[in-house]
Amino acid sequence: MRRSALVVIALVVVVVVAPGATASARPAASGWFAEGGLGAVAFLPKASRDADIGPALDIRIGRDLFSWLGVGISLAASSHEATVPPPPEGEWFQLYRGSGDARIGGRLDRFAGFVEGGAGIAMISSNVLGKVMITDPGERFSIAFHAGAGIEYQLENRHYAVGLAADGFLLPQFAAIRAIDSRLFLRYTY
Amino acid sequence: MRTIVMSLFVGGAIALGGLAGCANDPLYLPAPMTMEAGARDTTGMLVEAKASLQLPIKTESASDLMKRTALGEKLGITVPYVKIGDLETEVEWTIKNLDTMPGQAKIQLNGANELFSYDPTLIVLAPDDEEAPPTPGLDGDIPINVPAGGTVTGLFTEDNLREAAIDLDQVTRGNVNPFRAMLTISKNATSFQPLTMPMPDVEDYMQTPLGPAIPREAFAAMTRIDLVFKPDTHMVLEFNVRVRDLRGIMHDLLLAAVTQKPGELQPFMPMAYTVGVTPP
């Protein structure tokens, strides 16, 4: 697990810092882009005891300011089973996140890599985690910080790319729970 | 192609926004305490446990009050603030057997709306007949087998609670016989006809219709959940009330509002419904 993580990081670093690589890259559009992703959100300890891994949907819209820098806004939703001590049992909650972020990246032929980070707001759909003190009474919103990395594969059509990304996020108001959002995405650049 | 992709992204964004704005998300109210029962008291009787959970409902707004008053005048009856359909409530419970022997437990569901409370021990329909069956609770009272040291979970569903709330209103405001109310399915009833008070001491007394029928839009919803826990060995019951607040009348702080913002909670003082006994 640790070894594969190192390989991914190394690949991202090589792609990001590879000088002059852009010249020989497969043609890729640059400018306004939209991304849609499907994946999963898994909570890290201690919250992983009280909330199960769940499916996630991500949407991101942004603009490449330079070949190596882009900015964007993203919306994400994930659904989780609350595994708090019963009762309740078998209840689900949803976590919604919206944020602004910046992405630094580079291209090596048909592959591109990036690192990203940002901040925004998160909303939880119910107080089911109140039982384990993750949310306080009446608390539905938290600031959200996230950072992560990903790789993209540019398709023959210069507008399209597919990729794999993983972001860690932190929600300070919700007892500082941390989670990993990993996703497969399709990117369309105008 | 570009249009299709754009439509997918816009559609996805709208769907996410819609999900986030959903007002139908459940709220969870933990029980005020763990109910422990099943031990024997000094007289050798099994100890039962009782608990109540008052729903934290916001004070009624002036516009709601005006609408309610207008509807009441139109129908010629009392229209409650919290009506059937405003809240969808469910009770989830867990029984833990603390004994080394398997046992059985019963959970009886009772409660109150803003007008009346229902406690079957205060309704004696046959005072002269010692063998008459006791007045039933609104729901439950089904034997549940619990293995030694084991745990059993279950729930009273939204349908159960809706039926219980209508039965409660029929019995208390409509003077319908509790056995009849419990044994008929009324969750989809469109109205019920109030009757004169039952008089169990009067021989051959027949109840007669009294006043206009109460339509569904004036059915009172439960604002308090009461549970009676009756195990035959030492057990504990934990429960939790799940509410879908369809009208947006629950206080944002939920039970914390009782201590933090009590002035923002609607005070309800339901009258105990009694038959054949002196009101407490």
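Keep in mind that the model is predicted: local features need pLDDT of at least 70, side-chain atom pairs count only at pLDDT 80 or more, and totals for chains, interfaces and linings use all residues. Residues are numbered from 1 along each chain as its sequence is written, while chains are lettered from A and ligands numbered from 1 in the order in which they are written. The predictor scores the complex at an ipTM of 0.82 and a pTM of 0.85. Chain B has a mean pLDDT of 91, with 91% of its residues at 70 or more; pLDDT is the predictor's confidence in each residue, on a scale from 0 to 100.

- Chain A has one helix and eight strands, and from the N terminus its elements go α-β-β-β-β-β-β-β-β. Helices (H or I, at least four residues) and strands (E, at least two) are DSSP runs, numbered from the N terminus.
- The strands of chain A form a closed barrel of eight, β1-β2-β3-β4-β5-β6-β7-β8, with antiparallel pairing; two strands pair if DSSP finds at least two bridges between them.
- Ignoring direction, neighbouring strands of this sheet are turned by 25° against each other on average. Axes here are lines fitted to C-alpha atoms (for helices, over the stretch in contact), and angles run from 0 to 180 degrees between N-to-C directions.
- Strands β1 (residues 32–43) and β2 (residues 54–64) of chain A share ten bridges, and Ala40(A) has Pro55(A) in β2(A) as its bridge partner.
- Nine bridges tie β2(A) to β3 (residues 69–81) of chain A, with Ile61(A) opposite Ile73(A). A hairpin of four residues links β2(A) to β3(A).
- Further along, β4 (residues 92–108) and β5 (residues 111–124) of chain A are joined by 14 bridges, and Arg97(A) sits opposite Ala122(A) in β5(A).

**Chain A: packing**

- Of the 190 residues in chain A, 41% are buried. Buried takes 20 or more other C-beta atoms within 10 Å of a residue's own, exposed means 12 or fewer, and partly exposed is in between, with C-beta atoms placed from the backbone.
- Among the contacts in chain A with a separation of 6 or more, 60% link residues 24 or more positions apart; a contact needs C-beta atoms, placed from the backbone, within 7 Å.

**Where the chains meet**

- On the chain B side, 25 residues are in contact with 22 residues of chain A.
- In chain B, α1 (2–20), β1 (26–30), β4 (87–97) and β13 (235–245) each supply at least two residues of the side touching chain A. The element giving the most is α1(B), with eight residues.

- Leaving aside neighbours within four places in sequence, Met222(B) has contacts including Thr89(B), Leu161(B) and Leu168(B).
- Phe179(B) lies in helix α4 (residues 178–183) of chain B and counts as partly exposed because 13 other C-beta atoms lie within 10 Å.

Definitions and conventions:
Contact = placed C-beta atoms within 7 Å.
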